[in-house]
2 protein chains.
Amino acid sequence: MSETKIPYKIYLDESEIPDSWYNVRADMSVKPAPLLNPGTGAPLTAEEMSGIFCEELVAQELDNDTAYIPIPQEIRDFYKMYRPSPLIRAYCLEKALGTPAKIYYKFEGNNTSGSHKLNSAIAQAYYAKKQGLKGVTTETGAGQWGTALSMACAYLGLDCKVFMVKVSYEQKPFRREVMRTYGADVTPSPSTTTAVGRKILEEHPGTTGSLGCAISEAVEVATSTPGYRYVLGSVLNQVLLHQSVIGLEAKAALDKYGVTPDIIIGCAGGGSNLGGLISPFMGEKLRGEKDYRIIAVEPASCPSFTRGKFAYDFCDTGKICPLAKMYTLGSGFIPSPNHAGGLRFHGMSSTLSQLYHDGYMEATAVEQTAVFEAAEQFARVEGILPAPESSHAIRVAIDEALKCKETGEEKTILFGLTGTGYFDMVAYQKYNDGLMSDYIPTDADLEIGFKGLPVVPGQA
Amino acid sequence: MSETKIPYKIYLDESEIPDSWYNVRADMSVKPAPLLNPGTGAPLTAEEMSGIFCEELVAQELDNDTAYIPIPQEIRDFYKMYRPSPLIRAYCLEKALGTPAKIYYKFEGNNTSGSHKLNSAIAQAYYAKKQGLKGVTTETGAGQWGTALSMACAYLGLDCKVFMVKVSYEQKPFRREVMRTYGADVTPSPSTTTAVGRKILEEHPGTTGSLGCAISEAVEVATSTPGYRYVLGSVLNQVLLHQSVIGLEAKAALDKYGVTPDIIIGCAGGGSNLGGLISPFMGEKLRGEKDYRIIAVEPASCPSFTRGKFAYDFCDTGKICPLAKMYTLGSGFIPSPNHAGGLRFHGMSSTLSQLYHDGYMEATAVEQTAVFEAAEQFARVEGILPAPESSHAIRVAIDEALKCKETGEEKTILFGLTGTGYFDMVAYQKYNDGLMSDYIPTDADLEIGFKGLPVVPGQA
């Protein structure tokens with residue numbers, strides 16, 4: 001058997017870690033709508049934002065024009081501990097499927113946080129440190145973001161307070177322990193330690209929590225504790241900016257071998273992985289240089305893109321955060337506890353929402369048993385046990401590859417394998433035991449969330 | 001800040017995955033003592049062994065002369081899914097310690113089994129498949145080996161029956177689920193499904209099990225079920241042979257940068273990681289070409305090298321396996337359940353035992369709270385959450401680096417980071433909560449195990 005020309009894993013050199021993040025907003029003719037002050041309805045100023053976020057991150061959040069923003073050397077040094085991440089040719093999966101399609105995946109799971117979240121965590125922690133802050137607060141759902149932030153803070157010597165969605169705190173005690181090992185302070189949300197937490201508990205006793213609740217609590221603590229700011233692992237423009245390192249590396253690796261993807265697939269919760277993976281490709285598409293089919297995959301149980309409204313909404317349940325224009329199910333929407341894994345956020349990145357609205361990408365929703373089927377098939381031939389979140393992208397990548405098998409087309413498919421499922425074994429056990437079921441909200445379920453959309457001038 | 005000359009992570013090319021395994025026995029002037037038939041006391045013949053092991057593996061087990069044994073292409077193709085593994089320069093740890101020592105570690109945890117075990121699992125499963133077998137049986141303690149074998153069997157379409165030490169089965173349900181996701185059949189040991197299991201349960205009701213018990217059960221099923229053979233994740237010569245890929249890659253990566261280690265450190269349970277890591281370096285030492293300080297690190301609670309006897313002993317509790325000459329605590333020795341993680345085997349590789357006996361390597365025992373201290377320190381600066389087993393090596397690497405800080409010596413230290421601790425969070429939680437304690441067996445405790453040593457002709 002001869003060596004294959006394209007290796008199983010394409011590793012770039014450490015020197016090929018990008019020098020700059022790529023800001024896709026610079027190439028958008030219609031920019032994402034600005035965040036609004038929930039009180040006045042006016043666009044949020046840098047000054048208003050800087051009470052919540054670090055100054056440098058506020059600048060990145062508001063910058064719709066600079067295409068390339070340099071990555072500070074200290075962040076690049078940290079990236080070297082786990083980056084460049086491998087771009088893997090899924091030879092074994094292709095063989096198992098019997099497809100003529102060529103499948104590649106960018107694997108972001110080879111670090112202790114188990115996902116791509118570390119790319120933005122270290123950036124946000126770095127700017128907080130640079131500003132002389134004492135610590136940061138955040139929320140975490142499935143736990144990857146909280147772990148990533150704990151790691152970054154441990155490395156830089158920053159204090160880290162994490163509000164963890166209660167259902168995950170209970171179902172994923174090991175994630176909590178990883179965060180504690182990295183020195184973080186972890187509180188189940190909603191909690192009685194914040195005013196907004198107490199209010200949510202009063203209104204919804206027995207709630208298992210949501211990202212929206214946890215965000216409210218983390219923001220309250222950040223804005224009421226001197227020397228602290230709030231950081232967020234997804235949704236925001238700044239996060240997509242940092243995550244562009246995924247796409248930049250993937251593109252550089254493919255370019256090395258003269259490979260151009262036809263289809264690019266990513267799972268979408270708040271949009272951080274998808275936005276990062278697609279950004280340089282989307283840039284080419286926006287500039288009219290190339291065309292790609294770009295597919296966002298979301299859970300059928302939390303279908304922001306495919307069944308949400310494109311409207312201004314609160315990012316949090318407590319309604320204390322700025323308003324963002326996005327595809328949303330309403331900040332009151334809480335996915336069924338039946339739903340495994342992350343991708344539970346009611347909204348979506350404003351940048352991706354605008355791109356989707358303008359027709360630059362597609363979206364599809366998949367059910368969770370089909371997702372775990374794909375996860376198991378993938379694990380058995382490719383060796384990697386994928387996170388449930390990532391497995392949404394695997395599902396659609398397999399489906400597209402099977403379409404190629406029918407048509408005989410040799411399409412090149414790139415998907416984002418955002419992380420590993422080592423902390424998701426409760427969900428895998430359910431699947432292994434045949435006890436996993438699907439849940440699709442009815443239109444009436446969704447109406448409840450939509451009713452809570454805020455009234456914003458100029459929005460129907 | 002300029003780029004450092006030696007990268008954080010040295011990745012070899014896929015084409016640099018070794019073509020052959022290196023068999024350190026070929027360079028030993030005193031060969032490891034042969035396995036004995038427990039009934040007759042005579043050296044085990046290939047024919048006798050082939051009832052337990054696959055034929056090709058029997059040949060590898062008995063071959064004390066061939067220095068290089070080619071790695072079949074199918075195994076190399078599987079290796080490409082996760083190898084070459086990175087050799088990492090611990091810049092961040094060096095900085096945190098303030099040591100002039102240069103620390104490198106070979107990281108084997110970037111695969112779903114979470115450890116180096118996959119290197120031998122795929123080899124053993126491959127030869128079983130090649131022989132036309134239906135399946136294999138094995139034991140697993142902490143669970144890495146069982147996971148690795150499940151992955152290899154899923155890839156090749158082989159049946160896989162795993163006996164999992166009961167205490168781990170209960171404390172690590174997630175490991176069990178990973179194995180099930182890869183299609184393995186997992187039974188807690190001792191179980192009532194085997195004669196030897198029932199006997200052990202009768203004699204020791206309420207036992208939490210041991211590797212020795214689980215081996216007995218797995219061997220019984222393999223030898224009594226047509227189309228099955230038994231495979232073992234450590235101790236055996238064949239396993240050390242397969243694991244030589246670790247050392248060969250590490251040496252090739254160091255050679256590329258003209259780096260020669262002064263000290264090589266590995267944790268030792270049955271010896272698979274240590275034997276693999278050191279093999280090419282030990283070869284040079286045996287041939288008188290170079291000198292290295294080689295240190296085996298074992299838990300103070302299961303101190304085979306440092307407090308065991310060099311004698312023929314059973315490899316299993318049920319006393320149905322061949323006798324091996326090795327440093328042993330006696331097959332009746334069962335480590336305290338207080339002891340976290342693996343490295344619980346009462347014996348040690350015959351090859352390593354001979355090398356230790358002949359003065360080619362040192363051994364040291366460390367206590368578990370000190371091990372977890374090292375693990376936490378390492379995790380916070382290097383990002384990787386290490387397995388408790390691997391952390392034994394980290395402890396001694398840090399200690400050696402701190403000695404260099406005192407003396408000002410710029411020694412180069414290489415250690416094996418065998419795996420990740422994602423499935424060891426129960427132990428980490430204990431440590432985080434300040435509830436971890438140490439356990440060192442008394443001489444009287446050890447005497448119990450020594451009393452069970454078999455009477456073998458020519459052995460005192």
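**Entry 1**

I began in the loop of chain A between strand S9 (228-230) and helix H11 (237-256), where A:Val235 is found. The model I am reading is a predicted one. I looked up the backbone of A:Val235 and noted a positive phi of about 65°, although A:Val235 is not a glycine. I recorded this because most residues other than glycine have a negative phi.

**Entry 2: cis peptide bonds in chain B**

I next turned to the peptide bonds of chain B. I noted that B:Arg83 and B:Pro84 are joined by a cis peptide bond, with omega about -15°. I placed B:Pro84 in the loop that runs between H3 and strand S4 (87-89) of chain B. I then found that the bond from B:Ser189 to B:Pro190 is also cis, and its omega is near 0°. I located B:Pro190 in the loop between strand S8 (185-189) and H9 of chain B. I marked these bonds because most peptide bonds are trans.

**Entry 3: helices H9 and H10 of chain B**

Two packed helices are described by the angle between their axes and the distance between the axes. I looked up both values for helix H9 (residues 195-203) and helix H10 (residues 211-224) of chain B: the angle is about 150° and the axes are 8 Å apart. H9(B) is therefore roughly antiparallel to H10(B), because angles over 145 degrees count as such. From H9(B), I listed B:Ala195, B:Val196, B:Gly197 and B:Ile200 as the residues that make the contact. From H10(B), I listed B:Cys213, B:Ser216, B:Glu217 and B:Glu220. Sorted by class, this contact has 4 nonpolar, 2 polar and 2 charged residues.

**Entry 4: helices H15 and H17 of chain A**

I then examined helix H15 (residues 368-382) and helix H17 (residues 425-432) of chain A, whose axes come within 11 Å and cross at roughly 95°. On the H15(A) side, I wrote down A:Thr369, A:Phe372, A:Glu373, A:Ala375 and A:Glu376. On the H17(A) side, I wrote down A:Ala427, A:Tyr428, A:Tyr431 and A:Asn432. The classes here are 5 nonpolar, 2 polar and 2 charged residues.

**Entry 5: where the chains meet**

How many residues does the contact take from chain B and from chain A? I found 46 residues from chain B and 47 residues from chain A. I noted a buried area of about 4700 Å² between the two chains, of which carbon and sulfur atoms give 55%. I looked up 4 salt bridges across this interface. I also recorded a salt bridge between the side chains of A:Arg180 and B:Asp433, at 2.8 Å from N to O. The count of residue pairs in polar contact between chain B and chain A is 25.

Which elements of chain B give two or more residues to the side that touches chain A? I listed helix H3 (73-79), helix H6 (144-156), helix H8 (173-181), helix H15 (368-382) and helix H17 (425-432). H8(B) gives the most, with 6 residues.

How values were computed:
Residues numbered from 1 in each chain as written. Chains lettered and ligands numbered in written order. Predicted model: local features only at pLDDT ≥ 70, side-chain atom pairs only at ≥ 80, totals over all residues. Heavy atoms only, no water. Axes fitted to C-alpha atoms, helices over the stretch in contact; angles between N-to-C directions. Helix = DSSP H or I, 4+ residues; strand = E, 2+ residues; numbered from the N terminus. Contact = heavy atoms within 4.5 Å. Nonpolar A, V, L, I, M, F, W, Y, C, P; charged D, E, K, R; others polar. Buried area = accessible area lost by both parts, 1.4 Å probe. Polar contact = N/O pair within 3.5 Å; in protein donor to acceptor, adjacent residues only side chain to side chain. Parallel < 35°, antiparallel > 145°, perpendicular 65-115°, else oblique.
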